[in-house]
Every structure is written in C-alpha cells, then in structure tokens.
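Work through the exercises below with the sequence and the model open. Try each task before reading its solution.

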Amino acid sequence: MARWVPYCALAWAVVTVNFALPRVAPGHPLDYLLGEEAARLSPRQRAEALRAFGLDRPLHEQYIAYVVGLATGRWGRSVRFGRPVLEVIAERLPRTLALFIPATLIAVFLGTVLGAWAGYTTRARWDAGVSSAVLLLDAMPGFWIAMVLLSVFAVELGWFPVSGSSFAASPQPWEQVRRAVLPAATLVLATLGRTFLVVRGAMRSVCQEEFLWALEAKGLPPRAVLWRHALPNAWLPAYTQIVLHLGAGAGGAVVVETVFGYPGMGRALYEALLARDYPLLQGILSVVAFATIVANAAADATYPWFDPRLRGGPAA
Amino acid sequence: MTASRLWVFGAGLWLAVWAAVALGAPGLAPHDPHASVGEPWSPPGPGHPLGTNDVGQDLLSELVHGARTSLLVGGAAALGATGLAVGAGLASAVWGGLWDRLLMRLVDLCLVVPALALALVVAAFLGSGVFPAVLLLAALLWARGARVIRAQALAMLQRGWVIALRAAGARSLYLIRAHLVQALWPLVAAEFVQAMAAALTLEASLSFLGLGDPTVKSWGGMLYYAQARGAVVTGAWLWWAVPPGLCVGLTVASLAMLGFALEERVHPALRARRAGPAIWPQIPADPLRIARGVLEVEALTVEYGTGPAAVRALDGVSGHVRPGELVGVVGPSGSGKSTLVAAAMGLLRSPARVLGGSVCVVGVCWGSVDAKRARQLRCRSIALLPQTALHAWDPLRPVVDQVAEAVATHQALSRREARLRAQAVLKEVGFPKSRMGAYPHALSGGERQRAWLAMALVNGPDLLLLDEPTTGLDVLGQDELVRLVRDRTRVRSRAVVVVSHDLPTVLRLADRIVVLCDGRVVEHGPPDGILRSPEHAYTRRVVGALQALRGSWAAEVVG
C-alpha cells in the first residue's frame, strides 16, 4: 500500500500543476484558453466567457470543477487544433504507441542479449569493446542520431521518405510502416544502452553467486548457464525500469518525433507548447501522469511472475 | 564498466581540452561567432575549417563558444543537483524517521517524472536564459544522487567505528563533517559527473527544440539551426550537424566513463568479473594407460597468482580412490581442500594455475579432454555436493526441475522421464514428497542439502565428492546426513570422497583418511590407525583435543 502513495501523490501533483499553470502564468487565463480570439472579445462576451469556463467562481470551486471535468472526460478544446482535446489525443496516442512499443521491445531485446553476454563473458577485451561502443551510442543525443539517420538513409540513399508530415494522408499501410522505420530505429539506438547497462551490471553480480559455479559442476554447457539460469536472475532488476520506461513512453519521444515530423504525442506536446495551447498541454500531461501510474501498477503486479520469492506462501 | 585506465585517461583528456577551450574561447575562436564573416553555406575550406552556416557565421567559432554555454550550464546544474543530493541524502540517512520517509517519497516522485516533458513545459514558462536552465536542470536531476548517497551513508553508519563514535556521544553534525563527507567524496564525485552528463544531454535537447537562449551560442543551439535551416537535406549536415553532435556525445560519454571509474572506487565489487578456467598442462591422451582408480591425483601442484606474491595451495599432492572406497580428506582451513575439490571437478578458475601433475577421473585426465567431454564427466562420472549446497540453487526454479535438469543434461530422456527419475531419487534421500514442487527459498537447510545430494546421485556417478557436507547443519542434521551417505550413496555411486575439517564426521564415515596440511599430504591410513597413533603435529593436536572433549563430556554425563 505504501508503494502507492508516491504515485497517487504524483497524479495529484500533475492535476494541480495543470490547474495552476494558466492561472499563475503571466497574462489572463482567457488568453491561454481562447488564444488570439480573447483579444477581440467585447466586455460582455468576456464576462460570458469567464462564466462559461467557470473562471468567475471562487478558486476552490474551480478546482473541484476541474478535477470532476477531468474525471468525466470534459478535457476542453485544443486552441491549436480547434478540436476537443480528447479527440486530438485519441488520434495521436495510438501513433506514438505504434512507434514506441515495438521500438522499446527491440531495444530491450538487444540491450538484454548484449548486456547479458558482456556481463557473463570471461573475455575482458570483448566486453570492453562492446561496452564502450554501447556507452558511446548511449551518450549520443537522440535527436542527433535522428538527424544522422535521416541524412544518410533518407536524403543521401533515398531508402526512406524524408518527412512523415504527410503521414495521415498516406493511405497504404506499407507506406506508413516505411515512414516509421527511421524514427523507430532512432528510438532503438537511443534507448538500448539503458537496458544494456542495467542488465550487464546485474549479470556481473549474479556471476558472483554460488549457484553459477554449481551449475557448471552439474555439467551444463555455458549457453544453458547463461540464458537459462543467469539471465532470468539478472533480468529482475531491469524489469521494473523497463516497464516504467514504457509508461513514460505515452508522452511520446518529443525530439525524435520532431525531427521526423512524426505526428505522435511528443510532437503534439511540442506544438501545444509553442502555441501556448493550455487545454491540450494539460491533457497530454494528464495522460503521461496516468500512464506512469498504470505502468507502476503493472510492474508491481507482474514482478512476482518472475520472482517466486515474492509470490508468498510459506518460507522456511 | 571496466574502466580500463586508457579509456579513463582519454575521457579525462577530452574533458580537460574542452574545459580549456571553453575558458579561452574568445582568444581561441578564429572569428566572432555572431558576425557574418564568410559566404553563407560554404563548405570547409581555408579560413573556415568547418565551413559557415546559412548567414555566413564561422561554424568552428560557434563550436568553440558553444562549449562555454554547454559546459557552464551542465557543470552549474550538476553542482546544484549534487549539492541538493548530498544535503538530502545525508539528512535522510543521519536523522532518519519522518524526515527520511518524506524525502524519499519526494525522491520516488522525482524519479518517475519524465524529465524531458517536464523540462519542456517549465522551460517554456521560465523563459530561455542560462540561469533558469541551470535551476530547472538541478531541480530535475538531484533525486537519483540523493538515493545513492543516502544508501551509502546508511551503510557507513552501520559500520563499527561509526556506531562506536555515536555511543561515545558524537553529534550528528560532527559525524557528517568529520567522517561521512570524507568517506563519501568519491561517490559524490561520481554523482556529480553523472548529473553533469544528464544535464548536458537535457540542455542540448532543450536548445535543440528552440527553448535555449537564442543570444548565446551552444552545441544544442547549433543543432537547432542546422535542423531548422534544412542542413539535414543538403550535404551541409556533415560539417554543420556532425561536429556539435559528436561534441555533446563524446563529452557525455567521457563523463559517464569517469563516473563508472569513480563508482568502482567506492564499490570495488563492481570490478569483479567471472574468472576464466585455469589452464591445465597438456597431457597426451594415452589409450593404453590403465586407470588405478576412479580418481587419480598425481603430483598435483597449484598456485594462485604469479610472481613473488604467488600462493602455493597444493604442493605435489598424490593419491587415488578405488571403486567401492569411501575416502576422507581432512585438514585445517587453508590446507588446500577447496582447491583439491575444484581440481578434482576440473573447475579451477584463474588466478589458479596448475604448475604440474594431473587429475584423472575414470581414467580421463582434465588436461587431455575438450570442454564438451569435460562437461560430460561432471555430474555423471564425478558428482559434487558443494560446500555451499544450501545456497547453490537457482532461486527462480523449483528444486525438482533443477534435479531433472541434471538428468536431462546427461541422459537422453524425455522431460517427463527425467522428472520422474528426479522425483524417485529425491524420495530415496528422504526429501518430503509434499515439498516436491517447492522453490529453494521455501525449503529448510536440511531439505536443500538432501535435494542437492539427490542431484549429485541422480546420474549414478562413479565418484561422489562431498565438500564439507555438514556445514550449516545442526547436530541432528549432521547425523542424518552421515547415515544417508553410509546407506544410500554406496548403492548409487561406486566411490565416495568426503572432504571436511570435521574430523569426527569423517572418522564415522571413511574407510581411509588422508590428512592435508599446507598443501601437502602429511598422513594417510585407516581411521583406527590415525586415532591410535597420529604422526603429524596437526593430527596429534586434533586427535588430542577430540579425546579431551570426549573425556570431559563423558565425565560430566557419567559423573
């Protein structure tokens, strides 16, 4: 139960920050809620608008109304897109997930395999080579990897389309996949280092455990020791991190989506920010916060699948 | 991370060079980075080693001046973050209680917030200046360090000398000032460089998204313009986008490398790697050789390490075990017993080196077989009950699966058959039927020991090697084990070797006893002979002590 406290606190903090942002930022909240139209309103229209948004009521009533609205799906209209916020999110979220989930799974797979091997091998030079290469890759900014991939594979070689901005207009599924390849590759390259480092470190400490030597005394070949026994143990510390990372992915990868013009959540967040589109910004931040909480719950709930010691039952 | 010295040196050099460049930027840059000094879009050439951008500013000068902003923002943010982390971590560890719980909840919260999304939103409000960026990044990056420093400080507070100081009335602040800070500084330094690496990346990302200060040059800002002006779709990306990107990446990588090296200073265990197998002297396989027993050890000499620091663990040890025998090997700690066991299994690890001699199992010598054949011998021809049998289980698999795995590795059986075989042998050694599906953590020490015995016996080995089999068992458990070995092992295994410092147990079991001392065989013979007329000084002392113990015990009970 105590584990839940920080995440409920997070949800509450995000909701409250969302509520406060347009009210404490310089300028009048109406400017943010209506954009440029706000300047053209007559005094009477202004008063009406204030009433319509509930801004004439005391602050605590506004707060309650805001929370209730959030819970009941009244998330307001996006200024930038001129459509309900929920509609924009419903359009962008699946695109981001379609990019992010496969990319993360591939990155986790590669990072795990390389990290497990590098932590297990007795050949120090091979380990140093692979680890340095991954460390270097991990240090490169994601947007820079995106720029280089775009320049080389889209512009110079012409294998992929240069921009994904016409993504929605493109009818063929195959074309959509083609447009997603480079952004996905960027995400894989930019995030596999994280899994690699965690798994490699965990593998190192598993290798110090008694049972590993005993497995060799059983006559198991090294690959069975590594993949069947050492890796599942080394993977436990990485697991929670990976699930939480997936949760954070609901916010989209801002820089990667921006470089490729990929119309996902991250790009929407960036556009909302540039346009000071508060309703949309609030909506996206709420989604990110809730996804984080869900991911945490999922990590907590599924961890015992991998670790029998946490499944309860009598212990000696 | 294996922070090999060369890499750490390279990382330090890279950082030192850029720090110097950042300091001397106005003098070093060939041009004013804000002035149009050349043709727009010119490729690298004389006068402009990296070419110019879309308004004719010199890219090399931009890069040199950009180092100032990037390193300044990164360094200052890291300094702030580390300061916060040290304060919060130490306060949490030293004062504990409610203060600790609140701070750690806050840390949890900060760690789950997606940093870039939050940074974007806040940066959009705070405006684009160097100072707000530093504040923002410090506020985002302190949490990880606070947790690490708290954990290490707590570990230190548990150490004897700190507890003694506290008992002597030392105040918390004195403890922090005089002892903890000094002991923690490598960790604090590691946190600093790691925070700086994260701050550099975040700063570059913010600048790249156009949220940096447009009036100062920075690496991320250069990449923003390269992207915004379309350098990516022309060839100009090679000299416009690649150098600042490499600068960010290599600087972050250098910082990470230094961070790992510092972390290893705090936790030397991080440096440990799985040791490779020790090399045996090659012995040509001799088909005409006649085995004198299931285990033959000939003049075996093993050392750990090289040069003057080398330690000789075994010095010309010889002996053999015939079929049907139960041989005991006794000796004090450090007499070479564990080395002998590892050598018998062919599992010596570097830094152990076999200087000479041989070990042969059922006539096959470890130096003369390939890795595959060697694996086939283990657990089939020679099976081991390890000293750490209580802890030598994979915690994630039921015990019965692990026993069945030993069957399946060596015998061509279906999964079901292997499992049935495993269950049968487990039952034979008295493993309770109701616990068959249990995981290791749910079993008692005695049950885990029995299950290991079952695993060692399940393939009907020619030789069973028991390494300190009574360790960790109470007197009743020891008694049960002795009876088990006497009754069951002879049925399943052709010969048994018990290696132990526990002379009474070995006396009860063995047909023949070998006494090992300082890596040499100092005595061998039947138990009666050893008990009656011990020859070597060590044996005499142990036997004497044993008899004195028995005498006083008998006197107490009878008298």
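**Exercise 1: two domains in one chain**

Chain A splits into domain 1 (10-72) and domain 2 (86-306), with bounds from an automatic or database domain assignment. This is a predicted model, where local features need pLDDT of at least 70 and side-chain atom pairs count only at pLDDT 80 or more, while totals for chains, interfaces and linings use all residues. Residues are numbered from 1 along each chain as its sequence is written, chains are lettered from A and ligands numbered from 1 in the order in which they are written, and side-chain values use heavy atoms, with hydrogens and water left out.

Task: describe the interface of domain 1 of chain A and domain 2 of chain A.

Solution.
- Step 1, distance. The domain centres, taken over C-alpha atoms, lie 37 Å apart.
- Step 2, contacts (heavy atoms within 4.5 Å). 12 residues of domain 1 touch 10 residues of domain 2.
- Step 3, buried area (accessible area, 1.4 Å probe, that two parts lose on being put together, summed over both). The two domains bury about 940 Å², 73% of it on carbon and sulfur atoms.
- Step 4, elements (DSSP runs numbered from the N terminus: helices are H or I, at least four residues; strands are E, at least two). On the domain 1 side, α1 (4-24), α2 (29-34) and α4 (59-71) of chain A each give two or more residues. The largest share, seven residues, comes from α1(A).
- Step 5, composition. The domain 1 side has 11 nonpolar residues, one polar and no charged. Here Ala, Val, Leu, Ile, Met, Phe, Trp, Tyr, Cys and Pro are nonpolar, Asp, Glu, Lys and Arg are charged, and the others, Gly among them, are polar.

**Exercise 2: chain A against chain B**

Task: how many salt bridges are counted between chain A and chain B?

Solution.
- Step 1, extent. 77 residues of chain A contact 75 residues of chain B. The buried area is about 6,600 Å², and carbon and sulfur atoms give 70% of it.
- Step 2, salt bridges (a side-chain nitrogen of Lys or Arg within 4 Å of a carboxyl oxygen of Asp or Glu). The count is four. Arg349(B) and Glu216(A) form a salt bridge at 2.4 Å, N to O.
- Step 3, the chain A side. α7(A) gives the most, with nine residues. The chain A side divides into 53 nonpolar, 11 polar and 13 charged residues.

**Exercise 3: an aromatic pair**

Task: why does the pair of Phe143(A) and Phe208(B) join two chains?

Solution.
- Step 1, the rule. Rings of Phe, Tyr and Trp (its six-membered ring) pair if their centres lie within 6.5 Å; planes under 30 degrees apart are stacked, over 60 edge-to-face, and the rest tilted.
- Step 2, geometry. The structure holds 13 aromatic pairs over all chains. Phe143(A) and Phe208(B) are stacked, at 4.1 Å centre to centre with 10° between the planes.
- Step 3, location. Phe143(A) lies in α7 (residues 142-156) of chain A and Phe208(B) in α8 (residues 172-208) of chain B, so the pair joins two chains.
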